[in-house]
Amino acid sequence: MPAKLVPLIERAEWNGGLSAVLPRILEPFKDAEVDALVLGCSHYPIIRPQIEQEMGVGVQVVDSGAAIARQVRRVLERESLLATGASPTYEFRDTAGSPTFREIIAYLDIRVGGGVAMPSPPTPSPNSGERGLFVPSPGIGRGWRVSAG
């Protein structure tokens, strides 16, 4: 799939731009009557439902994200680095200062408590001993902290 999709995804153009471009981008795959389509970009799983709908029920859409997550877990377990017993904290960083960053987080249904992820408050320094926190640095951009549990 051409890189034309990435800017649409980053601008959160789920309905307007994406719905106009996606059928044209996927047309060669549909014409070739593929039975599987591998998502080869980290942005594409965000629009997987739209891709699946456009391709139809006879096409399996493959995303390697789950396989990568399983492998990361195996490596962390092997190296005794897998966190256990604590509620996980997730960080989402926007290095480009995108005005749609919050909208994308909401679209992915990532929530903190009862609401959508909010901008991170100031956090301890990297030497404070706390792990998994977003530490703002010049040039890094804005971040959102999400705690599960």
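Leaving aside neighbours within four places in sequence, which residues is A12 in contact with? The residues are T100, E103 and I104, where contact means heavy atoms within 4.5 Å.

The model is predicted: local features need pLDDT of at least 70, side-chain atom pairs count only at pLDDT 80 or more, and totals for chains, interfaces and linings use all residues. Residues are numbered from 1 along each chain as its sequence is written, and side-chain values use heavy atoms, with hydrogens and water left out.

The protein chain has five helices and six strands. Helices (H or I, at least four residues) and strands (E, at least two) are DSSP runs, numbered from the N terminus. Their order from the N terminus is α-α-β-α-β-α-β-α-β-β-β. Of the 149 residues in the protein chain, 26% are buried. Buried means under 20% relative accessible area, exposed over 50%, and partly exposed in between (1.4 Å probe, protein chains only). The protein chain exposes about 9700 Å², and carbon and sulfur atoms supply 55% of this area. Accessible areas come from the Shrake-Rupley method with a 1.4 Å probe; for residues, only the protein chains shown count as cover. Among contacts with a separation of 6 or more, 63% join residues 24 or more positions apart.

A12 lies in the loop between α1 (5–10) and α2. A12 is buried, at 9% relative accessible area.

Helix α2 (residues 16–31) meets helix α3 (residues 48–55): the axes come within 10 Å and cross at roughly 55 degrees. Axes are lines fitted to C-alpha atoms, for helices over the stretch in contact, and angles run from 0 to 180 degrees between N-to-C directions. The two helices, α2 and α3, are therefore oblique to each other. Angles under 35 degrees count as roughly parallel, over 145 as roughly antiparallel, 65 to 115 as roughly perpendicular, and the rest as oblique. On the α2 side, the contact is made by L18, L22, P23, L26, F29 and K30; α3 supplies Q50, I51, E54 and M55.

L82 sits in the loop between α4 (65–78) and β3 (89–94). L82 is partly exposed, with a relative accessible area of 27%. Beyond neighbours within four places in sequence, L82 is in contact with R73, L76 and E77.
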